[in-house]
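The sequence and the structure come before the discussion.

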Amino acid sequence: MKEYDFLVVGGGAAGFAAALRANELGVKTLMVNRGPIGGTCVNVGCVPTKYILTALELRKRALKHHYAGMVLGEERFEFRKLLEGKDELVKFLRREKYEKVLESLENVDYVEGSAKFISNREVLVNGEKVGFRKALIATGARARILPIKGVEKVRDRILTHIEVLKLKDIPESVVIIGGRTQALEFAQIFARAGAEVTLLQRSVRIMPQAEPELAIELEDILSEEGIDVNTSVRIKSLERAGGGVKVHAEVDGRERTFEGEYLFFATGREPNTEGLGLENTDVKTDGKGFVIVDKTLKAGENIYAAGDVIGEPMLETVAAKEGFTAAGNALEGRNVEMDYRVVPRVVFTDPQLASVGLTDREAQKVAKCLCSTVEFSNVPKALITGEERGLIKMVVNARTKEILGVHILAHSAAEIIHEAVMIIRNRMTVDDVVDTLHVFPTMSEAIKLAALSFKGDVSKMPCCAM
């Protein structure tokens, strides 16, 4: 029987970060992975979806802009070729950032296949028994399809992010169930590629955990693009409708029926824990199947877990940090705890919705707070680029003036948010930000304007204010 000091089950962000750490420590490691190496993000998540979103955003700007005397672009658009370009990028990154990296790890062996625990010290890898001293479960999660009445009868009309990325042609119409990050990004992909899009969200608004002002503004923008956004929806059943599907629902107490060629589920994710043999270990799972860990990511006596398999926040960067931390704790006998206080989140719609830190509502539970919201029409660079539609909201401790949260709806919000991450990480105050020089003109000036708004009306300040 082969013996390893460290076993990593999974080849995504968490698994790779753990393997890198183990290799640095000179630990004899085995990584077992089922499916494309690199996991969700590079293969069927962040990379391919952002490639498509960026291309469609570029197309929109070529066809519609605010610059006088400029005639750009043409209507010709080939969705199939766009997906071929996406495939080439994914293939390149998978090879350069995962396969080649793995080949360079002297202390890590890689096996493609399945792993099943038979105890806290042994695992079956493709049927062969392997011993280990410490282990990390990093098997990720997959799209969840809700068990709605009639779902089995329309299986061939159901899409998740996996199937969409394999399409050759854009559907004529799509009904999307969900109203959070994935639902909104794919709604815009479908709509900008030419499909008729209907979005059904259970909550009273899209992105229910986001700041209301920003979520409502984003909903208005998506609606103006032609996306039929419906909130307060309770789906009752599904049925075939010729070559498509009918969705029977209740919206604000009224019976409604929605039709589409396809039904896209963006209703969360479920963990890849079945078949792992966790019942043969002391590892426990919650009611949804996610692995339960403590603050140090320990799941059992000598088994740790990281990434999407342990639940929210399911973000690539968080998974990598968890994998690195778990490996260090497992192999060095450390008890480092994960700090989720400063985790930036982004919805890559156009405009983007980005946030870090506490919302207004969350902050009110820990301190008396002040909030200020500034429109991007006050940001000169936004006027230059024609991207003045958007808001920035800053949440501040009323007593100390420490900035507790920053929430942005704007073009390039995903880039701007990094300054806010450092502000919150370093517990900076409003005065600290006001006293910091910003390049003019930039979209990041919005951060400074939001801080200045606690001192006066920024709409009445000159461009060179402080």
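## Salt bridges between strands

R234 has a relative accessible area of 46% and is therefore partly exposed, where buried means under 20% relative accessible area, exposed over 50%, and partly exposed in between, with a 1.4 Å probe and protein chains only. E250, at 23% relative accessibility, also counts as partly exposed. The side chains of R234 and E250 meet in a salt bridge with an N to O distance of 3.4 Å, the term being used for a side-chain nitrogen of Lys or Arg within 4 Å of a carboxyl oxygen of Asp or Glu. This pair links distant parts of the chain, with R234 in strand β12 (residues 233–241) and E250 in strand β13 (residues 244–251), 16 residues apart; helices (H or I, at least four residues) and strands (E, at least two) are DSSP runs numbered from the N terminus.

The model is a predicted one, in which local features need pLDDT of at least 70 and side-chain atom pairs count only at pLDDT 80 or more, while totals for chains, interfaces and linings use all residues. Residues are numbered from 1 along each chain as its sequence is written, and side-chain values use heavy atoms, with hydrogens and water left out.

## Other salt bridges and a network

By the same rule, the count comes to 32 salt bridges. Among them is the pair of E211 and K393, whose closest N and O atoms are 3.2 Å apart. E211 sits in the loop between β10 (196–200) and α7 (212–224), and K393 in strand β21 (residues 391–397), so that the pair links distant parts of the chain, 182 residues apart. E211 and K393 are both buried.

D431 and K455 also meet through their side chains in a salt bridge, at 2.7 Å from N to O. Because D431 lies in helix α12 (residues 430–434) and K455 in the segment after α13 (445–452), the pair ties together parts that are 24 residues apart in sequence. D431, at 43% relative accessibility, counts as partly exposed. A network of salt bridges links E57, K60, R61, R192, E225, D350 and E387.

## Packing of α1 and α8

Two packed helices are described by the angle between their axes and the distance between the axes. Helix α1 (residues 13–24) and helix α8 (residues 316–332) pack at an angle of about 35 degrees, with their axes 7 Å apart; axes are lines fitted to C-alpha atoms, for helices over the stretch in contact, and angles run from 0 to 180 degrees between N-to-C directions.

The contact (heavy atoms within 4.5 Å) includes A13, A17 and R21 of α1 and A320, G323 and F324 of α8. Its residues divide into 10 nonpolar, two polar and four charged, where Ala, Val, Leu, Ile, Met, Phe, Trp, Tyr, Cys and Pro count as nonpolar, Asp, Glu, Lys and Arg as charged, and the others, Gly among them, as polar.

## Nonpolar cores

In the largest nonpolar core, which has 52 residues, F6, L7, F117, V123, L136, I137 and V291 touch the most other members; such a core is a set of buried Ala, Val, Leu, Ile, Met, Phe, Trp, Tyr and Cys residues joined through side-chain atoms within 4.5 Å. Helix α1 gives the most to this core, with six residues. Apart from this core lies another, of 40 residues, among them V164, V174, A191 and L199.
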